[in-house]
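Hi,

Here is the structure I promised to pass on.

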Amino acid sequence: MRTMSVLDMFEFKTDEETGTLPRKEARPKTPLSQIETHEGQPIKIMTRNLSVFYGINQALINVTMDIPQKAVTALIGPSGCGKSTFLRSLNRMNDSILGARTDGKVLIDGINIYAPGINVVALRRLAGMVFQKSNPFPKSIFDNVAYGPRLHGIQNASVLEELVEEALKKAALWEEVKDRLGRSALELSGGQQQRVCIARALAVNPEIVLMDEPASALDPISTAKIEELIHELKKNYTIVIVTHNMQQAARVSDFTGYFYLGSLVEFGTTKKIFTTPDKKETEDYITGRFG
Amino acid sequence: MKRHFHDELKALKQKLLSMSFLVESALEKAVEAFLGRNEKLILEIFDEEETINQFEIEIDDQGHALLAVGQPMAFDLRSLTAILKINTDLERLGDHAVNIAERARTLLREPPLPEDYDLPKMARATLHLFRQAIDSFMNDDADSARNVLLSDDEVDLYNDNLFKRITTAMQKDPSLVKTGVNLMMIGHNLERTADLATNIAEDVIYMKQGKEVRHRIET
């Protein structure tokens, strides 16, 4: 499957502000991701004054963050701090929640994904998601991984086989399941099921992988496998991970954002956040003096 | 929220404080033994050094266990690494006390000094620096630690003067060579003691503020 362009997200070729096709000469000559940097890393996702409301409750307050490309960014904070809401806003998963409203911008490669005319299905192909609880379909391992490519119109059996093998290899699961691709994914262990879900997300060639507590329900060995996998995946993908496990955030991420009461309190390199954070609130939270 | 980890960290800090009392006592005795030509004190220092070494091993052991089990972050991490580094510094300071005591024992067999070459003043300044460094650590006081860094030059100056004056004295009267060399070594050990006190102060500043000030780098 060919690599996706951000412009594929547009159902109608629209400009982020006006809803019209940006003229070729008006588009940045150099992709934004190559211009903006954070600690020397190009930026893949930028949020600007991002707020999310659930009815009258504001879950996210004016969050401005630059998420570097091909790196792991961890989002930490106590329950209800807005980190999952933030994650879900990066591929418009909040759209499906009744009464949810989003203000501000989320720019992926410089394009506002909340602009009119954005194809949300294409957006979610570009920015795949892995959830806390592994949720394989009650289908075979093969069909789980082939689901996305089929949805995007690929029917050729040999192409699908190739895609499935590639995705399972990227998810570090191929060796464990290659002889039983026809068996139900539900027969696998929890850790294997989670890697099926990661393979499913990777099978459609995303550029961004969003992970919401991907290892919280797993035993230490499966957790270690997922963490090693994340470390491998960041060579090719921009990864954003929500985790309650601070040691995990410290182990797997390059950048960390600390959220509290819907606001981004501090964002920086993981080394900085976990050794010498600037804000006392961050210090108190990560040393367990908070609450 | 109270955490079991913080109780253990506090206990380890207290243990380091106990170790620092022993080191302080050994350094004081070493200076006193030399100035007062007191052999009994010299023997006490050798005994105390063994206890200091034992402390070093226990603190290292408990510190590593806390690192593994508590997986500390931020201030907790900086505090624990400071404890481990200061632990090593204190053990070295105990060695310097022993070195001074050994020189003092050699000097017992030589005639009394014709003059003190400001060694008592140098010793007082050095011990003051050491106490201030330990106090800044116990009180998490970066300002006090910065004062230690500023005062280190005073001890260096005493040592430079000591070196010059003894060299001149030995040139004039070669019979003073043995005494002179031993006095220089005592001066050198005091100067190293002051250096280690500044290392402790630098660790305190990093622990408290996350700022790197070693080698005159300020981050």
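This is a predicted model: local features need pLDDT of at least 70, side-chain atom pairs count only at pLDDT 80 or more; totals for chains, interfaces and linings use all residues.

I began with strand β7(A), residues 127-130. Ala127(A) and Met129(A) point one way from the strand, while Gly128(A) and Val130(A) point the other way. Which of them are buried? All are. As for its neighbour, β7(A) pairs with β8(A), residues 208-212, in the parallel sense over 4 bridges. In that pairing, Val209(A) of β8(A) is the residue opposite Gly128(A).

Next, the helices. α4(A) (residues 141-151) packs against α7(A) (residues 190-202) at an angle of about 30°, and their axes are 7 Å apart. Because angles under 35 degrees count as roughly parallel, α4(A) is roughly parallel to α7(A). The crossing is right-handed. From α4(A), the contact uses Ile141(A), Asn144(A) and Val145(A); α7(A) brings Val196(A), Ala199(A) and Arg200(A). By class, that gives 4 nonpolar residues, 1 polar and 1 charged.

α7(A) also packs with α8(A) (residues 220-233), at an angle of about 20° and with the axes 9 Å apart. These two helices are therefore roughly parallel to each other, and their crossing is right-handed. Here Gly191(A), Gln194(A), Arg195(A), Ile198(A) and Leu202(A) of α7(A) meet Ser222(A), Lys225(A), Ile226(A), Leu229(A) and Leu233(A) of α8(A). This contact has 5 nonpolar, 3 polar and 2 charged residues.

Best wishes

Note on methods:
Residues are numbered from 1 along each chain as its sequence is written. Chains are lettered from A and ligands numbered from 1 in the order in which they are written. Side-chain values use heavy atoms; hydrogens and water are left out. Buried means under 20% relative accessible area, exposed over 50%, partly exposed in between (1.4 Å probe, protein chains only). Two strands pair if DSSP finds at least two bridges between them. Axes are lines fitted to C-alpha atoms, for helices over the stretch in contact, and angles run from 0 to 180 degrees between N-to-C directions. Angles under 35 degrees count as roughly parallel, over 145 as roughly antiparallel, 65 to 115 as roughly perpendicular and the rest as oblique. A crossing is left-handed if the near helix is turned anticlockwise from the far one by less than a right angle, and right-handed if clockwise. Contact means heavy atoms within 4.5 Å. Ala, Val, Leu, Ile, Met, Phe, Trp, Tyr, Cys and Pro count as nonpolar, Asp, Glu, Lys and Arg as charged, and the others, Gly among them, as polar.
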